[in-house]
Amino acid sequence: MRRPPTDADWMAAAVALAWRGRGRSAPNPNVGCVVIADGGVVGRGWTQPGGRPHAEAVALAAAGSTARGATAYVTLEPCAHASPCGPCCTDTLIAAGVSRVVVALQDPDPRTDGRGLARLRDAGIAVETGVGADAARGAMAPWWSRATRGTPFVTLKLATSLDGCIALADGSSRWITGARARAHAHLERALHEGILVGRGTLVADSPRLDVRLPGLEDRSPRRFLLTRGAAPEGWTAVAAPEAVAGIDSLLVEGGAGAAAAFLAADRVDRLLLYRAPILIGGGRLALGDIGLTDLADAHGRWRLADSRLLGSDRLDVYERVRRD
């Protein structure tokens with residue numbers, strides 16, 4: 001006999017919706033929300049492109065009158081501060097007549113930060129927090145990074161041979177990985193606001209850095225160039241990893257110098273390592289000097305978060321272990 005869904009199950013559905021807005025909701029967080037009544041979904045939503053409408057507003061609009069007495073599952077504390085763009089989500093939930101709100105994470109924005117939870121409770125609504133917190137934080141990692149650290153969330157992509165090369169000695173690199181791995185890399189592009197390469201990669205490959213997946217072409221990220229000089233038209237020049245601004249998420253795609261610069265500055269939060277089952281030998285290595293002077297310092301910095309096969313290629317996803 002199938003068990004009824006739990007709070008964790010419904011929150012997992014809200015987290016899945018939050019992923020739909022990743023890379024599109026800035027400057028607002030990519031929140032997901034589901035409204036449950038009589039054991040089923042009566043409304044669902046995620047933060048729309050540009051940050052409005054919010055997930056709760058979309059879900060409650062879909063639920064209509066069935067939201068009265070229902071439970072809302074939200075990946076982030078509903079906002080409680082006034083905005084010229086519309087009512088705060090806390091007031092919208094109260095007006096809809098929900099009886100219970102389950103929240104994954106408290107909002108670190110000082111304009112809300114607990115005020116939304118308090119206002120819901122003051123209105124007689126049952127509130128629970130912490131359900132699915134880690135998964136929700138992962139889905140909203142770019143916004144969370146900017147909100148709590150003031151820096152973009154950076155993903156470094158490396159596509160290498162088994163012996164750690166990204167190209168032949170003459171610079172030839174098309175293609176190290178197969179079609180499925182390259183399609184996955186384009187999906188990653190669609191989830192980021194910005195994409196960056198170094199001057200050497202720009203000169204050698206003239207990369208387009210767009211998204212070439214059917215239906216996602218409009219999600220191509222802004223292009224950044226790591227250089228101390230000027231950038232071509234359509235690109236934004238940044239002199240150092242610390243200088244990237246104006247976005248929540250950045251995908252660093254190459255080459256070895258740019259990758260090393262971001263690692264040396266400790267600006268990489270997530271590592272995508274695509275490895276093809278080939279050996280090159282004598283090719284160009286994936287990384288330059290990252291400033292490591294003691295091998296002991298290399299340990300304990302990365303945690304394996306995912307591993308899968310993409311055709312014949314292996315993808316390993318690592319997350320930076322941070323103590324702060």
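Reader: What's the relative accessible area of Arg-212?
Author: For Arg-212 the value is 39%, so this residue counts as partly exposed. The scale is: buried under 20% relative accessible area, exposed over 50%, partly exposed in between, with a 1.4 Å probe and protein chains only.

Reader: Before I go on, what am I looking at here?
Author: A predicted model, where local features need pLDDT of at least 70 and side-chain atom pairs pLDDT 80 or more, while totals for chains, interfaces and linings use all residues. Residues are numbered from 1 along each chain as its sequence is written, and side-chain values use heavy atoms, leaving out hydrogens and water.

Reader: What does UniProt say about Arg-212?
Author: The UniProt record, an unreviewed entry, gives "binding site" at Arg-212, along with Ser-173, Arg-189, Leu-209 and Glu-253. Its positions are in the numbering used here, feature names are shortened, and annotations may be inferred rather than shown by experiment.

Reader: And Glu-253, buried or exposed?
Author: Glu-253 has a relative accessible area of 15%, which makes it buried. Its place is in strand β11 (residues 249-254).

Reader: Which residues is Glu-253 in contact with?
Author: Leaving aside neighbours within four places in sequence, Glu-253 contacts Lys-157, Arg-189, Ile-195, Leu-196, Val-197 and Leu-209. With Arg-189 there is also a side-chain polar contact of 2.9 Å. That term means N or O atoms within 3.5 Å; within protein, one must be able to donate a hydrogen and the other to accept it, and residues adjacent in sequence count only if both atoms are side-chain atoms.

Reader: Which way does β12 run with β15, and how many residues of β12 are buried?
Author: β12 and β15 (residues 313-320) are antiparallel, also with 6 bridges, and Leu-271 has Tyr-318 as its bridge partner there. In β12 (residues 270-275), 5 of the 6 residues are buried, so the strand is largely enclosed by the rest of the structure.

Reader: Switching topic: in what order do the strands of the open sheet go?
Author: The order is β2-β1-β3-β4-β5, and the pairing is mixed. The edges are β2 (40-46) and β5 (126-129); each has a single partner strand, so one side of each lacks a neighbour in the sheet. From one strand to the next, the twist averages 15°.

Reader: What joins β4 to β5?
Author: 4 bridges, with β4 (residues 100-105) parallel to β5. Axes are lines fitted to C-alpha atoms, for helices over the stretch in contact, and angles run from 0 to 180 degrees between N-to-C directions.

Reader: OK, next one. Where does UniProt put the "active site"?
Author: At Glu-56, again from an unreviewed entry. Glu-56 is in helix α2 (residues 55-63) and is buried, at 3% relative accessible area. Beyond four places in sequence, the residues touching Glu-56 include Cys-33, Cys-89 and Leu-93.

Reader: Time for the geometry checks. Where are the cis peptides?
Author: One joins Ala-26 and Pro-27, with omega about 10°; Pro-27 is in the loop between α1 (7-20) and β1 (32-37). Another runs from Gly-254 to Gly-255, omega near -5°, and Gly-255 lies in the loop between β11 and α9 (256-264).

Reader: And which non-glycine residues have positive phi?
Author: Asp-113 is one, with phi near 25°, in the loop between β4 and α4. Asp-266, with phi near 55°, is in the loop between α9 and β12. Asp-113 is partly exposed at 38% relative accessible area, and Asp-266 is partly exposed at 28%.

Terms used:
Two strands pair if DSSP finds at least two bridges between them. Helices (H or I, at least four residues) and strands (E, at least two) are DSSP runs, numbered from the N terminus. Contact means heavy atoms within 4.5 Å.
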